[in-house]
Amino acid sequence: MVHRCDPSMKPRKTSKIRRSPRALRTVLAYDLGGTKVAIGVVSEKGKILEEKRLPVPFEKGKDAVIEFLCKEGRDFLRRYPLIKNVGVASAGPLDPRKGILLDPTNFSSAQGNWGKVPLVKLLSKGLKRKVFLENDAAAAILAEKWIGAAKSVKNSMILTLGTGLGTGIIVNDQLVRCAHDLHPEGGHIILNWQDQTAPCGCGNLGCAEAYLSGRNFARRARTRFANPDLTAKDITELARKRDPRAVAAFREYSEILAVAITSFVVLYAPEKILFTGSFADAFELFAPETRTHLERLLARRRDGIDLMPRLEVSKLENEAGLLGGAYVALFEKESLRR
Ligand SMILES: [Zn+2]
């Protein structure tokens, strides 16, 4: 199932989207991931007026996390009392229309998995505002189409590389959704179903996410070092200094990324693939080799219509999720009500 985005993705006077009165022209937005949350106030033009990035207290359980999100949001709303709408880009799976989280793969605590959580209802109650929910990767590609690197193409995809691997896709200027309004979970395409070295948060082995998220890159790369505390950032720094173990970890990463991208290309043919999330900082370390592998894997798909996508890092500086959350609160509400 797809829904139509305004091709220019900008509010127009002729658009069916209702023009907001002045008070509606800034929104509160959240980008909720498996480790951190970004919370900020965003204008109708996509300008972030103020923002906070905080670790999420997942260890305290879901009720405490919801209370934390409400408390932090209320701090902003006290300073911006005219804000009426709130947009939440969250790791999935989730139901954007009903506003429910469907046991998100990377949200867990000692108390166990989250199960179904009516996030929109809980946040609306806590913030006393209208709340809209979208998958974080869908939000990110909507933001790229709105004011970022996907503006100029009809077919694009974003990979969010953080705790998990999220995928957001626009085909022919329409955001791709699956049945039940679900979101294409490209991170859980299985690349090797028997690989015991690649356990995924979803319970299966060998998902793309189990190799390609920032967290899983670090988990796999650490086995090459004696130090079990190295983070993805540390290993990225080592690779920049040409440490051979770190370079080898990126070599493996690039090969697997090219395999996953080939599957996305044969399904959706994106002209551009964008990268965002904390691990996208390492783009220059994995992109050149990924391109080389992709050229080989797509060799027979470049005649006539060239399916080789352009790989680019997001220019929204790791803010695509937050801006997408804002976009949904500003402009997408009409289409979600269909
Ligand atoms: Zn998985």
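How many residues does the hairpin that joins E12 to E13 run through? Three residues carry the hairpin from E12 to E13.

## The model

This is a predicted model: local features need pLDDT of at least 70, side-chain atom pairs count only at pLDDT 80 or more, and totals for chains, interfaces and linings use all residues. Residues are numbered from 1 along each chain as its sequence is written. Helices (H or I, at least four residues) and strands (E, at least two) are DSSP runs, numbered from the N terminus.

Take E12, residues 156-161: six of its six residues are buried (20 or more other C-beta atoms within 10 Å of a residue's own, C-beta atoms being placed from the backbone). Side chains in a regular strand alternate between the two faces of the sheet. Here Ser156, Ile158 and Thr160 cover one side, Met157, Leu159 and Leu161 the other.

E12 pairs (at least two DSSP bridges between the strands) with E13, residues 165-171, antiparallel through six bridges. Ile158 has Gly168 as its bridge partner there. With E15, residues 272-276, the pairing is parallel over five bridges, and Ser156 sits opposite Lys272.

## Helices H7 and H8

H7 (residues 244-268) and H8 (residues 283-297) have axes that come within 8 Å and cross at roughly 45° (axes are lines fitted to C-alpha atoms over the stretch in contact, with angles from 0 to 180 degrees between N-to-C directions).

Key:
Buried ≥ 20, exposed ≤ 12 C-beta atoms within 10 Å, placed from the backbone.
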